[in-house]
Amino acid sequence: MKKSLFKFLLSFAAMAFIVSCTSDDNGPTPDDDDPVATCSDNIQNGDETGVDCGGSCNACPEPPVELSDDVTEDTELDASNDYTLTGAYIVRAGASLTIPAGTVIKASGGTAAFIGVERGAQIFINGTAAAPVVMTSDAASPAQGDWGGLVIAGDAPTNKGVDVTTEVGELTYGGSTADDNSGSITYLRVEYTGATFSNDKEFNGVSLFGVGSGTTFEYVQSYNGGDDGIEFFGGTVDGNYLVSIGSGDDSIDFADGWTGSGSNWYIANGAKAGIEGSNNGDNGDATPVTTTTLSNITVVGPTSDEGALFFKEGGGNFTIDNFYVSNAVVGINMTETDAQAATRIEAGDLAITNIQFADTPEGFLATSYTGANQSFYTEGVATGAGNGAASPDWASGWTIGLDNSGSTQENLAGEVTGDVELDASVEYFLTGAFIVREGGSLTIPAGTTIKASGGTAAFIGVERGAQIFINGTAAAPVVMTSSSETPAQGDWGGLVIAGDAPTNKGVDVTTEVGELTYGGNTADDDSGSITYLRVEYTGATFSNDKEFNGVSLFGVGSGTTFEYVQSYNGGDDGIEFFGGTVNGNYLVSIGSGDDSIDFADGWAGNGSFWYIAGGAKAGIEGSNNGDDGDATPVTTTTLSNITVVGPVTEGALFFKEGGGNFTITNFYTSGVDLGINVTGTDAEAAARIEADALSINPIQFDATAMGFLNTNYAGANLDFFTVGDNDGAGAGAAQPDWAADWTVGIE
């Protein structure tokens, strides 16, 4: 009992001592807990080494790594770091800088912040489509001119001299090492560059001064730069797969004797020229002369009147192919006072093939150049950087600011030399001769509309050995028409096809319009396939004896499909066969200014289901040869299911100039005053009728006009036709069922 009390008193005393000591040391009260890291309360507590990070929380982020001063030894950045460019960061001669895929560098400081690569140094930018290297602004609201840009100086030749100084960055460049190697740049995007020193000194997105061909420069974008997007100052480096969007000056610029080449450039929304190409601003004849080959180029406006291409300050020797221009005020620009540039154009040093103009604004000029040589450019169908005005496939993933919607309007002119397919969602404007050359093909899908202007200058031609595929449907025919707000006969040419089948005009003869060569010995020649086509307001006039028809087929062979075709309100004949062997089925001709359907020159094809109305002269004009009615091969055809609705002035059928061997069945006429016309002086035609070479059985004359004659032929054989009832093209004078939906003008 006493021991227990003693122990209690001893324990109480010890506790009191401890409490007293603790109180004296200002320690925690008995009910305090040890502090614990929360990792989420925006307070540094527990074992955190920063606010809500470190210790038992996730690691604290590293502060951005500042980039400035010089790189004097081989250096590689780390894509996991954040980099801030706070000043000039220059790779000095003998050193290299490697920037891995996915690295982001954010710049501040205006002209003070840029990346420079000295002559004799190298930079390796190893981006990928999925993880490009990005150099951009660190501003909360980034804008053009926030920082400098990337400046590379090399030892390749320029026409500015040797050991000259870059206009920004104070680097020395220029030498005699054409294959100089400044490294490799792939999948790089620079943004908000173009800080300004003065009115004539601004950073570009990327500036390449005397950079050599040993350098790789591809898959590079400039976005919203304050000056030029990308500029080549002399040198020999090639530039491929380049993108420039929203530049404050020119989008891509080259000068000072650049002799590299470029392909796959996509340019949009620059303030001035899409491409500015010059030789030397101080001496347009300086050497080496800027010489380049460019291909697969897209320039999308709006651009100023400096043009999609500004050929200036002596220009140079440029060869450009597959150039797509959308929404530009001027296509190819050259100032009137640039005598050296004009001299080069006259000498053929600027050659542009397959340039296509799309979405042309009011007042558009293909070129501002007014000199004698206007053939330095040739229009055609271009894909440009890949998809016309739309974003190219190769730009996917690593670029920004590209509009994926393509053009809604495109011009057609020039030549087709490969396989070209139009797009039914685009409205096409035929502004000149558009010719499919031998070996080429043109495919026009269902629903495509082509609007033409320019009279005889505007027509579609298919050369012998070329092909056209018009793939309309009854619900969505292909339509070739006038672009006039008040269309009329003769507004444009028409469709002209030349083949290699026989004619009685000879071999290798020239079409009366279009200057195409036709005629040969290939009866089954194949010029393609034409189905569900409507041509309107054709028939522009060269002279009294040379006019375009709606569709003209010169020596076209039987391997060609020609059916469901209409001519509407053409100024001359609606459809005409000049020799050849092609068949023509389901044809409609309404409102022709001359004959409705015409065949001649030894045509040996057949026809069925023809509906003809409202022609000015003959419904059908069938002849052999206007110079020699007995020429061979003789026009020979079998026609069936034919309707001609008058009035006509030269007969439902005009059998003329030797006629030929015609067998016609189910021939219906309505409202005509003359059925079969044969002139009294046509001895060769009369001889054929007497020999039973013309046979029509039956023909029906319905609703005949005043003064009607079934025939004016006065010879002995009047049994060549038999009158009887029939339905002609299917419904007598009414619209046949097969003409529903895709034709116009049938009453």
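The model is predicted: local features need pLDDT of at least 70, side-chain atom pairs count only at pLDDT 80 or more, and totals for chains, interfaces and linings use all residues. Residues are numbered from 1 along each chain as its sequence is written, and side-chain values use heavy atoms, with hydrogens and water left out.

Student: How many disulfides are there?
Tutor: A disulfide is a pair of cysteine sulfur atoms within 2.5 Å. C39 joins C57, S to S 1.8 Å. C53 and C60 form a disulfide with sulfur atoms 1.9 Å apart. By this rule the count is two.

Student: What pattern do the disulfides follow?
Tutor: Count the bonded cysteines along the chain. The disulfides of the protein chain then follow 1-3, 2-4.

Student: Is the disulfide of C53 and C60 left-handed or right-handed?
Tutor: Look at the torsion about the S-S bond, which is about 90°. The disulfide of C53 and C60 is therefore right-handed.

Student: Is C57 buried or exposed?
Tutor: Buried means under 20% relative accessible area, exposed over 50%, partly exposed in between (1.4 Å probe, protein chains only). C57 has 11% relative accessibility. So C57 counts as buried.
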